[in-house]
Amino acid sequence: MIMKLLTIKNLNSGYGDIKVIKNVSLEINTGEIVSIVGANGAGKTTLLKTISGVIPAESGEIVFDGKRIEHLPPHMITDLGIIQVPEGRRIFPMFTVYENLLIGSVLPRTIKERKNNLERVFELLPRLAERKTQVGSTLSGGEQQMLAIGRALMGMPRILMLDEPSLGLSPKLVSTVFEIISKINSQGITVVLVEQNVKQALKLSQRAYVLENGMIALEGSAEKIINDPQVKKAYLGL
Amino acid sequence: MDSLSVIVNGISMGAIYGLIALGLTLIFGIMKIINFAHGALLMLSMMCSYWTWKYTGINPYLLIIMIAPVMFVIGYSTERFFIKPVLDAQKDVREPIAVLLLTAAFAIVLENLSLMLFGADYVMAKTTVTDATIAFGGVTLSAARFYALIIALVISGGFYLFLQYTELGRKLRSCGQDRNTASLMGIDVPKTFAIAFGIGTALLAVAAITLLPFYYVHPTVGNVFMTKAFIVVVLGGLGSVPGALLGGIIIGLIESIGAQYMTATLTTVIVYAIFLLILFIKPSGLFGSRLEW
Ligand SMILES: Nc1ncnc2c1ncn2[C@@H]1O[C@H](COP(=O)(O)OP(=O)(O)OP(=O)(O)O)[C@@H](O)[C@H]1O
Ligand SMILES: [Mg+2]
């Protein structure tokens with residue numbers, strides 16, 4: 001049976017007078033990997049920020065696990081298990097790798113499981129274990145991305161939302177990151193993947209949404225999207 | 001006075017400056033707000049301590065455990081009820097000017113309130129420590145200043161460890177580095193801001209009590225310390241904890257050594273000159289980094 005984990009209905013949001021997200025509706029089912037793709041400025045980051053509560057929803061509904069959450073502050077949304085890996089990694093620059101991981105588990109819900117989660121994160125991302133005492137700002141882009149993912153896992157996500165995790169990484173590292181995402185998903189964590197790396201993202205996903213000018217232009221199975229002539233032309237350069 | 005006690009006095013006064021600057025640097029480091037009410041809140045701490053001492057006769061040093069929590073609550077509430085609404089209205093502004101004006105106005109209100117309630121008199125808590133001295137290998141030191149030094153060092157050190165190694169300290173520092181990302185971690189940023197303001201204010205209570213046995217209290221006493229706290233904080237590096245202590249001690253030493261050779265006005269000139277010189281050589285201050293947290 002398909003279980004809806006996150007449902008968004010007619011969502012509008014933006015920055016003050018600037019309307020960015022226009023009437024967006026979408027659904028994420030438990031256990032899926034869903035991609036959200038779209039050009040620069042389409043509103044992908046804004047959509048994730050609205051789900052996380054960093055910017056307020058102007059109208060519409062966001063329902064997580066049967067509960068309306070669009071009015072909740074970000075820390076409470078995180079506490080529900082909706083965890084975001086933000087665009088640009090956003091590692092705490094003055095914190096060591098270890099401190100960055102600890103700060104990912106400050107909620108009572110996760111603090112109890114901290115030790116186990118640290119072990120699991122180090123197992124999945126052994127590079128972080130090697131660099132435990134290194135300061136965040138001195139990590140390479142790839143290491144920062146690993147750390148951002150590890151930090152999010154410390155928050156024990158039910159939905160992990162990744163905003164352009166492959167941005168600025170070498171092709172080899174991009175593959176590594178996608179492998180890691182796949183592994184995380186296979187552990188039962190639902191994944192929302194925002195990507196410009198459309199081809200690889202769609203290969204990994206079951207379903208996808210195409211965002212254009214803040215609106216859903218296309219939705220469906222990853223297979224359908226990847227074969228769509230418009231998508232091929234606009235995003236895959238074919 | 002012999003030279004050793006001049007130096008110890010300077011270090012002791014400087015450590016108090018550092019202690020006062022600590023709260024200023026904490027509030028700036030975490031909230032990116034320059035709190036112009038810091039001096040007035042110090043004055044309020046001194047007034048509260050003085051009058052509590054006057055009516056209860058409790059040893060001023062023991063008063064710390066009473067006054068510090070009271071000042072924490074005052075700081076916390078000030079943030080929650082006055083600063084937060086303005087901060088919320090200027091959400092996307094990193095260093096909001098309206099908050100600056102608000103704290104400046106708050107300082108004026110506090111000063112005038114205390115003028116109304118306590119009058120303009122200069123008062124001092126003349127306790128048994130006031131005139132006591134401690135002999136240390138041939139040097140005699142004022143006991144009150146010696147205790148002040150010890151307390152300032154212990155509190156500054158403890159505060160540094162608290163920031164570095166506790167769960168709350170880490171939360172505070174994360175908000176200072178990147179508040180949006182901190183909120184994504186599950187941290188209640190507005191509450192953490194209020195706590196930061198509360199702690200910054202509670203540190204003033206400690207400074208107030210170390211000053212009490214040897215420093216006159218009056219409604220504008222905060223101004224003297226406010227200016228110095230600014231110099232100390234900029235000198236040590238805005239947002240830096242060790243910088244605040246070191247900056248404080250440098251200023252304290254210049255003042256006390258200067259006082260042996262020249263008038264107070266001239267020492268003030270020298271303080272400013274050295275301040276400008278250090279800024280000229282190292283604009284970010286001695287320990288300066290805007291990302292200190
Ligand atoms: N803080 C802000 N204030 C005002 N407008 C903003 C702000 N952040 C983003 N925008 C605008 O919102 C629109 C959508 O931006 P958003 O960052 O959501 O796009 P995106 O799809 O994530 O793009 P990219 O792929 O480049 O990351 C853009 O037109 C952008 O200029
Ligand atoms: Mg984006």
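Okay, one definition to start: a residue counts as buried under 20% relative accessible area, exposed over 50%, and partly exposed in between. Keep in mind that this is a predicted model.

So, the metal site. The magnesium ion, ligand 2, is coordinated by Thr45(A) through OG1 and by Glu87(A) through OE, at 1.8 to 2.3 Å. Thr45(A) sits in helix α1 of chain A, while Glu87(A) is in the loop between β6 and α3, so the pair ties together parts that are 42 residues apart in sequence. How accessible are these two? Glu87(A) comes out at 32%, so we call it partly exposed. Thr45(A), with 18%, is buried.

Staying in chain A, let's look at the sheet. It's an open one with 4 strands, in the order β2-β1-β4-β5, and the pairing is antiparallel. At the edges you've got β2, residues 18-29, and β5, residues 67-68, each pairing on one side only. Further in, β1 and β4 of chain A run antiparallel and are joined by 6 bridges. If you want a pair to click on, Lys9(A) has Glu61(A) in β4(A) as its bridge partner. And α1(A) packs on this sheet, touching β1, β2 and β4, with its direction at about 115° to that of β1(A).

Over to chain B, and helix α9, residues 221-236. Its 16 residues should span 22 Å at 1.5 Å a residue, and the end C-alpha atoms are 23 Å apart, so that agrees. Its buried residues include Phe225(B), Met226(B) and Leu235(B). What do the buried residues of α9(B) pack against? That would be α1, α2, α8, α10 and α11 of chain B. Just after the helix, Gly237(B) takes a positive phi of about 110°.

Note on methods:
Residues are numbered from 1 along each chain as its sequence is written. Chains are lettered from A and ligands numbered from 1 in the order in which they are written. This is a predicted model: local features need pLDDT of at least 70, side-chain atom pairs count only at pLDDT 80 or more; totals for chains, interfaces and linings use all residues. Side-chain values use heavy atoms; hydrogens and water are left out. Donors are N, O and S atoms within 2.8 Å of the metal (3.2 Å for Na, K and Ca); water is not among the atoms, so sites may look incomplete. Helices (H or I, at least four residues) and strands (E, at least two) are DSSP runs, numbered from the N terminus. Buried means under 20% relative accessible area, exposed over 50%, partly exposed in between (1.4 Å probe, protein chains only). Two strands pair if DSSP finds at least two bridges between them. Contact means heavy atoms within 4.5 Å. Axes are lines fitted to C-alpha atoms, for helices over the stretch in contact, and angles run from 0 to 180 degrees between N-to-C directions. The expected span of a helix is 1.5 Å times one less than its number of residues.
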